[in-house]
Amino acid sequence: MITLYTRPNCPLCDEAKLMLQLVQEDFPVEYEEVDIESNDVLHEKYMLMIPVIEKDQKVLLYGNIGYAELLEALEF
């Protein structure tokens, strides 16, 4: 399971969601989206990095996330 940390009104977050949806068309990827503004600890941890893609409590990618980088990070 992949976690996508986002926040409202974030164009890079919208782009990361789109990239994950494109990957889902070809590969079995499940993800959950977490709004960092709903949790003070997450907000403090990720506010300068979002969007952040995390798997098994390890940050795979953050910031401007592209399709190719996402495939590579997920090892497809």
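## Exercises on a predicted model

By the ring-centre rule, in which rings of Phe, Tyr and Trp (its six-membered ring) pair if their centres lie within 6.5 Å, the count comes to two aromatic pairs. The structure is a predicted model, in which local features need pLDDT of at least 70 and side-chain atom pairs count only at pLDDT 80 or more, while totals for chains, interfaces and linings use all residues. Residues are numbered from 1 along each chain as its sequence is written, and side-chain values use heavy atoms, with hydrogens and water left out.

**Exercise 1.** Classify the geometry of the aromatic pair formed by Phe27 and Phe76, and locate both residues in the chain.

*Solution.* Begin with the ring geometry: the centres are 4.3 Å apart and the planes make 15 degrees. Planes under 30 degrees apart count as stacked, those over 60 as edge-to-face and the rest as tilted, so the pair of Phe27 and Phe76 is stacked. Next, place the residues, taking helices (H or I, at least four residues) and strands (E, at least two) as DSSP runs numbered from the N terminus. Phe27 lies in the loop between H1 and E2, whereas Phe76 lies in the segment after helix H3 (67-73), 49 residues apart, and the pair thus links distant parts of the chain. Finally, consider accessibility, where buried means under 20% relative accessible area, exposed over 50% and partly exposed in between (1.4 Å probe, protein chains only). Phe27 is partly exposed at 26%, and Phe76 is partly exposed at 44%.

**Exercise 2.** Work out the strand order of the sheet and describe how helix H1 packs on it.

*Solution.* Two strands pair if DSSP finds at least two bridges between them. Strand E1 (residues 2-6) and strand E3 (residues 52-55) run antiparallel and are joined by four bridges, with Thr3 standing opposite Glu54. E3 also pairs in the antiparallel sense with strand E4 (residues 58-62), over four bridges, and here Ile53 has Leu61 as its bridge partner. E3 and E4 form a hairpin with two residues between them, and Asp56 in the turn has a positive phi of about 55 degrees.

**Exercise 3.** Identify the disulfide in the structure and describe the surroundings of Thr6.

*Solution.* With a disulfide taken as a pair of cysteine sulfur atoms within 2.5 Å, a search of the whole structure finds one. This disulfide joins Cys10 to Cys13, with an S to S distance of 2.3 Å, and the link is right-handed, with 75 degrees about the S-S bond. Cys10 is buried at 10% relative accessibility, and Cys13 is buried at 1%. Turning to Thr6, this residue is found in strand E1 and is buried at 3% relative accessibility. Leaving aside neighbours within four places in sequence, the residues in contact with Thr6 include Cys13, Val34 and Ile50.

Terms used: Contact means heavy atoms within 4.5 Å. Axes are lines fitted to C-alpha atoms, for helices over the stretch in contact, and angles run from 0 to 180 degrees between N-to-C directions.
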